[in-house]
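This report describes a protein chain at the level of its strands, its core and selected side chains. The sequence and coordinates are displayed first.

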Amino acid sequence: MTARSTVKKGRTAPRWAWRRSRAAAGGGRTVPALLLALVPALAGGVPGAAPAGAAERGPERSDGRHTAGYDGPLDRWLRDVLGPRPQEGPPRPGPHAGTPEEPGPRALRGASWFPRVNAVSRFAPASPHRTAGAVTYDTEAVPPGALIGVRQWTGPEGTTVRLRVSGAEPGRAYGAHVHTRPCGPEPDSSGPHYQHRPDPDQPSTDPRYANPDNEVWLDFTADGSGDGVAKARQDWNFRPGEARSVVLHEHHTATEDGAAGAAGARLACFTVPFAPRR
């Protein structure tokens, strides 16, 4: 073993000496041009260059975490009205913030709000094979190809939801609410309205429960071009997994006793993964 090791060292020492002398002279930095060209490709492509024929990222990625870098035409359309996504930041609780059971109502005005959902999609006819994204049950009131966008922010003081629709029936009044289940092939698939304080009697028509403070109402009237915008601000946050969609209804929402919360037939639905407070 000793003799063999000695021979090996003797054989390799001149080779390493040759490499050290070549590197000192600058020759060790010579790399074939073909290898330099292949390295970026093997690592995933040249930065800033898209592969030929690459398609734009799909617009139906509803979770804001998945769309943080997306800047396609649908996202720009949403941003035109709803504004840019706010930057996330650490909470900045103010003094006298209260307790989780009794938070101070105005003590956290300076606290950060977090963007939780950035969802945009085109409506398509509902079918047993298509329930994701946006589906329409009335193709005259909500034509296929019409756009819908929803954004949600959460913070210590509650939730803000903004809605934009484009390509709807011009001049029409629509009811719109957050519902408890995802869209499905039938209008009733989305379940009842989400309620912060659930009504023990369902379907809820009691104005003590079916009201814009206890639910999320996003009624709007489309303009002459079929565009409509709505916003709801609540001083509470969604329970995890219980707010799953936005449903467009036949007319604005009623408020009278015995009909509170009613807005006519369900015309269309958009599955949105609303988030609880972070």
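Helices (H or I, at least four residues) and strands (E, at least two) are DSSP runs, numbered from the N terminus. The coordinates are a predicted model, in which local features need pLDDT of at least 70 and side-chain atom pairs count only at pLDDT 80 or more, while totals for chains, interfaces and linings use all residues. Residues are numbered from 1 along each chain as its sequence is written, and side-chain values use heavy atoms, with hydrogens and water left out.

## Overall architecture

The secondary structure of the protein chain consists of three helices and nine strands. Read from the N terminus, the elements follow the order α-α-α-β-β-β-β-β-β-β-β-β. Of the 278 residues in the protein chain, 39% are buried; buried means under 20% relative accessible area, exposed over 50%, and partly exposed in between (1.4 Å probe, protein chains only). A contact is defined by heavy atoms within 4.5 Å. Among contacts between residues at least 6 apart in sequence, 67% join residues at least 24 apart.

## The sheet

Nine strands form an open sheet with mixed pairing, in the order β6-β5-β8-β9-β2-β1-β3-β4-β7. Two strands pair if DSSP finds at least two bridges between them. Strands β6 and β7 stand at the edges, each with a single partner strand, so one side of each has no neighbour in the sheet. Strand β2 (residues 134-136) and β9 run antiparallel and are joined by three bridges. Within this pairing, Thr136 has Ala268 in β9 as its bridge partner.

Strand β8 (residues 245-249) contains His249. His249 has a relative accessible area of 4%, so this residue counts as buried. Its side chain takes part in polar contacts, a polar contact being a pair of N or O atoms within 3.5 Å; within protein, one must be able to donate a hydrogen and the other to accept it, and residues adjacent in sequence count only if both atoms are side-chain atoms. The side chains of His249 and His177 are joined at 3.2 Å, and a polar contact of 3.3 Å links the side chains of His249 and His179. Leaving out residues up to four places away in sequence, His249 also touches others, including Tyr174, His193 and Arg266. Tyr174 in turn has Arg172 over its ring face, at 5.7 Å from the ring centre; a charge sits over a ring if NZ of Lys or CZ of Arg is within 6 Å of the ring centre and within 35 degrees of the ring normal.

## Nonpolar core and aromatic cluster

A nonpolar core is a set of buried Ala, Val, Leu, Ile, Met, Phe, Trp, Tyr and Cys residues joined through side-chain atoms within 4.5 Å. The largest such core has 33 residues, and Phe238 and Phe274 have the most contacts inside it. At least two residues of this core come from each of β1 (114-125), β3 (147-155), β4 (158-166), β5 (173-179), β7 (228-234), β8 and β9 (266-271).

The structure holds five aromatic pairs. Rings of Phe, Tyr and Trp (its six-membered ring) pair if their centres lie within 6.5 Å; planes under 30 degrees apart count as stacked, over 60 as edge-to-face and the rest as tilted.

| Pair | Centre to centre | Angle between planes | Geometry |
|---|---|---|---|
| Tyr194 and Phe238 | 5.0 Å | 85° | edge-to-face |
| Phe238 and Phe274 | 5.2 Å | 45° | tilted |

Tyr194 lies in the loop between β5 and β6 (220-221) and Phe238 in the loop between β7 and β8, so their pair ties together parts that are 44 residues apart in sequence. Phe274 belongs to the segment after β9, so its pair with Phe238 ties together parts that are 36 residues apart in sequence. Tyr194 is buried at 1% relative accessibility, and Phe238 is buried at 3%. Ring pairs link Tyr194, Trp236, Phe238 and Phe274 into a cluster.

## Two further sites

Ala146 lies in the loop between β2 and β3 and counts as buried at 4% relative accessibility. The C-alpha atoms of Ala146 and Ala168 are 6.2 Å apart, although the two residues are separated by 22 residues in sequence. Strand β4 contains Arg162, which is partly exposed at 24% relative accessibility. Arg162 and Gly149 lie 13 residues apart along the chain, with 8.1 Å between their C-alpha atoms.
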